Amino acid sequence: MPYVSNTDRDREEMLREIGVASIDDLFADVPRELRTKTELDVPGPLSEAELVRHMRSLASMNRTTDDVVSFLGGGIYDHTVPAVVRHVMSMPQFYTAYTPYQAEASQGTLQSIYEFQSLVCRLTGLDVANASMYDGASAAAEACLMAVGITRRNKILVAGTANPSLRAVVATYLEASDIEIVELPMTGGVTDATALEAHLPGAAVLVVQHPNFFGLLEPVDELSAKCAEAGVLLVASVDPLSLAVLKPPSDYGAAIAVGEGQSLGNPVGYGGPLLGFMAADRKYVRRMPGRIIGATTDADGRRGFVMTLQTREQHIRRQKATSNICTNEGLVALGAAVHMSLLGKKGFRELALQVTSKAHYAALALAAVAGVSLRFDGPFFREFVIDLPVPAHRVKEELGRVGIWPGISCGCYYDGMDNSLLVSLSERHTREDIDSLASGLEAVISSGGTA
Amino acid sequence: MTDLRTTGHVLEPTVFELSHPGRSSYRLPALDVPSADLAEVLGASNLRSTPPELPELSEPEVVRHFTRLAEMNFHIDRAIYPLGSCTMKYNPKINEEMAGLPGFTSVHPEAAAGECQGAISLIYNLGRMLAEISGMDEVSLQPPAGASGELAGMLMVRAYLADQGNPRSKVIVPDTAHGTNPASLTLAGYESVEIPSGPDGRIDVQALVAAVDEETAAFMITNPNTLGVFENRIADIAEIVHGVGGVLYLDGANLNASLGVVRPGDVGFDVMHFNLHKTFSTPHGGGGPGSGPVGVKSFLADYLPSPVARRDERKPRGLEFDFDYDRPKSIGKVHAVYGNFLVAVKAYAYILTLGPEGLRRVAENAVLNANYLQKKLEPFFELPYGGLCQHEFVLSASRQKEQGVRALDVAKRLLDYGIHSPTAYFPLVVKEALMIEPTETESRASLDRFVEVMRTIAEESASSPELVTGAPTETPVGRLDESRAAKDLDVAWRKS
Amino acid sequence: MGEKDLLFTETHEWLSVEGDVITLGLTDYAQGELGDIVFVELPEAGRSLAAGDVLTTVESVKSVSELYAPIEGEIMEGNAALEDDPALINSDPYGDGWIAKLKLASGTDVSQFMTAEQYETHIKG
C-alpha cells in the first residue's frame, strides 16, 4: 500500500498489543450506522508510471508562458526563476519541515525567514516585517483591519486603481464588519487626489497601489500629505521589484506597506501559491497579523531565532487575536529571500532597469502602430495600457492564433475600457518579441479586427 | 560573530554578514532595447536616492549559506515528527515532481479558459474528489490555508442566515478548539461562545443544549477532536444545532482519521474546510504554503467563493471547463486568484495514487499507529483521557512536573534524541499537554524507537531531571531566550 | 507600604487605598504563574471603568492575562516605567511594579476585598 510502512504482520502484532481483535474495533466510537458503507467513488490507485502519464497529459492541455509570447501581468509576473531558487526550495530540510514551533530544531527556517523580513524592511524602508501572508490582496485586507484597530475609525478608503483582486479580497474580509469601504475615483489612470479630500474625515486608512493596476505611478506624495493632515494612515501596496528604483514607502509616510511577492523567484503557477508581505512602522508591531521571527540568544549567549510576539496570534489570544492567520507562505518567502540574495544589490536594480526599459520601448513601439494609443500619460514602471480601435478581446483572439498573448483586457475589470489592453513586460521579452507584438497588432487592426 | 569551530555548534552568519561589496552572481540577458533613463521615464521625485541594501554574494556562497541553514532544520524526511493536529506525514516525492511540470508552473492565471483546460479540470476534479471523500456537495479550492477556509465557511454561514432573515450573533466552540476557530468566527462578525468538554473529553451535550438558542449561527467543531476522540454523539449534536436553525461546521484538521471510514457530510456537517497540507500529504514548507478548500452542502453552494470551476459536458472537448463568475450570492474572493493551485496538484496526485482503498488504509493505519503509541507510552506518562483514540492522543507531563520537569522540557529533550517534539500545551484543557499524532506513514520500528526515547526521558526526569530541564544540548543552539526576543525586539538585521 | 497592608481580589490584583485613590497591580503569586512578563499595555489616563472592566493586559511570552478594575473608577495614570521594563512586575510586584492608579467614584466600599492572610488561603485553596 503506498506510503504506509506497516506490514500485515506488524498490524496484527500491534492490534494484539493494543488489546483489540481487529482494525474495525479501533473505530468503535464511530457509530456503525454512520460509517461509510461503500467504497469511496474516487479514481485510482495509479502506479507512478500511470500517474506521470496522466499528469503530463493534463499539463500538456495548458498553454504556458514558454509556448507563447505572453504579455500577461496584472499582479502575477513571469520572470525567469533562477535554478538556485528552485534548488533551495526543493531541499527537504526546508519543504518537509513544519512551522518552527521548536526553535532549536528549526533554526534554518527561522533564520531564513528573519532574513526575508530583513529584506522586506530594506525594500520598504519600514522597521518591522512579518513572516508572510497568503498574497498581496489578503495582506492589504489585514492592513485595513490593523488601521481600523489603530485609529478606531470605521471607514476605509481604497484607490479604484488598485488591483481588482485586491479590492475584492478587502471587501470579503470586511464584509461582516460595520466598516464602510469607499472606492476612490481616478483621473488620468491614477487616484484623484482632489476627490480624496471629501472622504478623508472619519477615515482610518487609504490603501493605494503604487505602481497601480495600470502600471502607473500614483501621486503618493500628494496623497500622503492629505492623509497625514487628516490623521488617516497610508497603506502602500507595492510591487517589490519596483522598489529597486522607486523610493520606499517610508519616504512618503506610509504606516504600512504590503505587496505581492510572487515575482521574487516564484513561477506564475496558475496564480498560486503567491506571497503576501507586510512591513510597518515599529510602533504598530503589536497590531501586526501573522508570525514574526525575532533574534535572541541561547543559554550560552549565542545568537538564535524564535517566533516572537506570539501573544498577538490566534493560538494564544484566540478570538482577540490580531488575525486568524496560522499557516502562511513560508516556503515561498524562503524562495524570495534566496532570489533577492542571488540577484543582490546590483542584479536587483539591473532587473528593474531592464523591465522598465522594455516596458518603455514596447510602449513606444505599440503607440507607433496606426490606431493604437497609450491610454494614460503618466509615468509607468513595468506595464501600461493601450487603447485599440477594436475590442481588446478580438485582438487577443486573433493574436492568440499566432502565439501572442498581448495582455489583459481591461474591460473585464473597468467600465468603458473594452478597447483597452494592459501590456506587461519582463526581462524575458526580447526586442523581437515586442516587435512581433507591434506588427501583429498592426496586421489585426488593418484588417479591421481579423488577422 | 566569527566562529571557527567546525564541529558541534556552528553558527551561520546572516546573509548580510556574508555580503561583500561588489560581489554578484546572477546574469541577466544583455539588454537589447535602449536603456531607459529612469529619472526621465519615472520622474526624479519618484526615485529612491540609494538602492536597497540587498546582500552581495556569489552564487556558490548563496547556495552554501542556505544549505547550511537547511542543515539546522528537523524535517519529516529525517525522522518521526509527531506534532498533534498537524498530521506530519511523508510528502511523496512524485507529487513534488508533478507540481513542478512546466505545464502547471508556467500557466498564467489570466490565460483564456480554453488555453488551460488541464489546470481547470484538475481544480474541478479535485473539488469533486474532496466532495466524495467528505460527503459534501460542492467544494471550492480557493482558500489558501485552513484559517482562510474557516473564514470563507463562516462568511457563507452568515450570508445564508442573513438571507433567511437574520445573520445571528453567536458561534459556539468547544474548549478544545484550535485557536483559529474563535479567531476566524470573530473575523466573520460573530461572538465566540465557549462550552466545556465533558469528563470523557467529548462535547458536553447538556452544555450544548444550554448554550444554543435562536442567536446561534453555528457550532464549530473538530472531529475527531483535538484530544483524539470521535464525537460518538455527533448525530445528537447535529440535531440540537439544526433544531435551532444553526449550521454545523467541521474543522477538517483531523480528517486523516476518517478517510473512507466516515464522511462528515453523512453525519450532519453542513460546511467544512480541508487541510491539503495535512490530510492530503502536501508539504508544510516550514509554515506554508498550505491549501484550505471549503466544502458545503448544497443549501450553501450559492455562497461559495467566486469564481467556481465548472464543467459543461455539452461543450466540445477543449472547452468543457471554465470558471463561473456569475455568482450573485457569493461571499466574493478570499484569494487574489484561484487559491494555491500548485499545492492542489500535489493533493490530486496523492488521491490518484492511493485510490479508494488506499485512502481507507491511511485512516486505518493512522489510528492503529496512534493507539499503539498510546498503549506503549501509558506506563510512562499520565493519560488523562484513556480508552481508544483516533489518529492522535494527549499525554500529560503532570507526573514529571512533580519531579521538576515540564512538558516543555520533555519537548526539548526529545530534540536531543533527534526526534521532533509533540505539540505541547495544547489542547488547553490538559495541563502539561503533549499531543501526539504519529500518522500512518511511520513504521512500527519508528514508533518503537519513539517509545524508547520517551521512556528514557521519563526515567531521566526521575533520576536526573537537570538533563531534561537543561535540554536541548545537541541542537545547533541551546534553549533560546524567548522573553528576551519579545522584550528586545529584533526582527530585521541591522549593521550594529 | 508592605504586603500586609494591601487588599486583594480573587482575580489576583492587589490594591492599596489612600483617600479616594487606589494603586493597583498584579500579585506576587500571579506574576510567578505568568513567568517573565514582556509587555504591559499602558493604561490610558482618563478612561472610566466599571468594576470588572478590563483595565489592561499583561503579557508573558506565551500567555496574555487581563487585569480587571476591581472597583468603579477613572484611570489617573499608568506606570510608564513598565513600558521600558515590564519585568518590574516580576521583580517588585508590590512596589515599582505597580500598574495603575484609579480615582474612585465617591462612596465606594472597599470592604469586599481580601486581606493578605485571606488571599494566602485563597491561593492555597
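Chain A falls into domain 1 (69-80 + 345-446) and domain 2 (84-339), with bounds taken from an automatic or database domain assignment. The model is predicted, so local features need pLDDT of at least 70 and side-chain atom pairs count only at pLDDT 80 or more, whereas totals for chains, interfaces and linings use all residues. Residues are numbered from 1 along each chain as its sequence is written, while chains are lettered from A and ligands numbered from 1 in the order in which they are written.

The C-alpha centres of domain 1 and domain 2 of chain A are 28 Å apart. Between these domains of chain A, 25 residues of domain 1 are in contact with 22 residues of domain 2; contact requires C-beta atoms, placed from the backbone, to lie within 7 Å. On the side of domain 1 of chain A that touches domain 2, helix H12 (330-367) and strand S14 (383-387) each supply at least two residues. The largest share of that side, six residues, belongs to H12(A). Helices (H or I, at least four residues) and strands (E, at least two) are DSSP runs, numbered from the N terminus.

Chain B contains 15 helices and 12 strands. Its radius of gyration, taken over C-alpha atoms, is 25 Å, close to the 23 Å that the globule rule (2.2 Å times the number of residues to the power 0.38) gives for 496 residues, so chain B is as compact as a globular protein of that length. Along the principal axes, the C-alpha atoms of chain B fill a box of roughly 70 × 70 × 45 Å.

Technical notes:
Two residues are in contact if their C-beta atoms, placed from the backbone, lie within 7 Å.
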